[in-house]
Amino acid sequence: MLSTAAHCSRLPRVLALQKRAVHDLLNIPNRPLVSQGPPGRSANTGHVVTVFGCTGFLGRYLVSKIAKSGTQVIVPYREEDEKRHLKVMGDLGQIVPMEWDLRRPDQIEECLRHSDTVYNLVGRDYETKNFNFKSVHVDGAETIAKIAAAAGVPRLIHVSHLNASPTSTSKFYQAKAEGEEKVRAAFPNATIVRPAVMYGYEDRLLNNMAIWSIWWKLNNAETKIRPVHVMDVAQALTNILSMPSLPGTLNLPGPSTLTYDYLLALLSTVTYKPPSRAPVVPKRVALLLARVAQNVWWPALSPDEVERRYIDDSDVPGDWDKVGVELTEIEENALLYLRRYRSAYVNCFHSVVWLLVMFRSSASERTLFVQGTY
């Protein structure tokens, strides 16, 4: 009886907390939305978002950030196993997987017709026999933009690349620039986001450097890039969702301009491995080997990737202040992503040293040791 009475006495307070007010009404063109529930994973922001390309590197982090705030997310997928890890990122019923194909306009329309915001993260670093750069970054982007406009979707956020340029020597960058123009023509109020090359757990930058350092010595490793943390880009895309309107182009480069040589030295320092002694391969030889490598059935270094290793990142100011994100340097996260490439002997040695320090030093010394080593 006592527990029942206590439970009943709390009901008015709970109901009072869930009472709606004017600030719960979200002003979205043509689609008024009402948020409800307590803040967090079990909330309901009123948004319904479709994330094309959600199974990719950036997509998984974007879905995680959007879903944990209480937004219902439509996750289009091509293969059944690709979307399994996304299901647990939101509360019950908040992650809605739907099968789709970039060449099926009817499936695209089905994925976005109930959404108030559409993210297009679809991209491919290399060409295949089914999809080349134009079919993915130009035709596919235009199709999504046209269908979103016809369905009355209020917002479209299209992710391109920092180096997108119609005059670039890379077909990848050319296709990205052409895709931007097609999206603007089909959806004039679209937000074009241009991040630089991203790094993280599943990236193709640090992980590839740790395995195939020879291909990052092209151009004498003097190519300048502006790497950005994938979590920072995902947070920027998440923040755009809560902004009333943000048409135009947003450049999201990293905080520092670095060379491949610096990143290779950073990798060597973090992994406790000697610098790579691989020779610098001439560009003609690298292009020839890349063309030969296209005959295998697994993704290999493509000729266009070789061309991109000689192109410096665009020197444009970032628009991070518009999206409210504070950047992190790559040195702050390098250990987190590269530690697994240390040898077992090094890890065992550091574990022994760590135990000795923990048992034989004072509390202040232990704190300094952990901060300096880990």
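Here are some questions and answers about this predicted model.

A word on the ground rules: residues are numbered from 1 along each chain as its sequence is written. Since the model is predicted, local features need pLDDT of at least 70 and side-chain atom pairs count only at pLDDT 80 or more, while totals for chains, interfaces and linings use all residues; side-chain values use heavy atoms, leaving out hydrogens and water.

Reader: In what order do the strands of the open sheet run?
Author: Strands here are DSSP E runs of at least two residues, and helices are H or I runs of at least four, numbered from the N terminus. Two strands pair if DSSP finds at least two bridges between them. The sheet has 7 strands with parallel pairing, in the order E5-E4-E3-E6-E7-E8-E12.

Reader: Which are the edge strands?
Author: Look for strands that pair on one side only. Those are E5 (95-99) and E12 (248-252).

Reader: What angle does helix H4 make with E6?
Author: H4 (residues 133-150) packs on the sheet, touching E3, E6 and E7 (155-159); touching means contact, with heavy atoms within 4.5 Å. Axes are lines fitted to C-alpha atoms, for helices over the stretch in contact, and angles run from 0 to 180 degrees between N-to-C directions. For H4 and E6, that gives about 180°.

Reader: Is helix H2 largely enclosed or exposed, and why?
Author: Buried means under 20% relative accessible area, exposed over 50% and partly exposed in between (1.4 Å probe, protein chains only). The buried residues of H2 (residues 57-67) include Phe-57, Tyr-61 and Lys-65. Because 9 of its 11 residues are buried, H2 is largely enclosed by the rest of the structure.

Reader: Which residues is Asn-333 in contact with, leaving aside its neighbours within four places in sequence?
Author: Asn-333 is found in helix H12 (residues 330-338) and is buried, with a relative accessible area of 13%. Asn-333 and His-229 are 104 residues apart in sequence, yet 8.4 Å apart in space, C-alpha to C-alpha. With those neighbours set aside, the contacts of Asn-333 are Tyr-199, His-229 and Thr-328.
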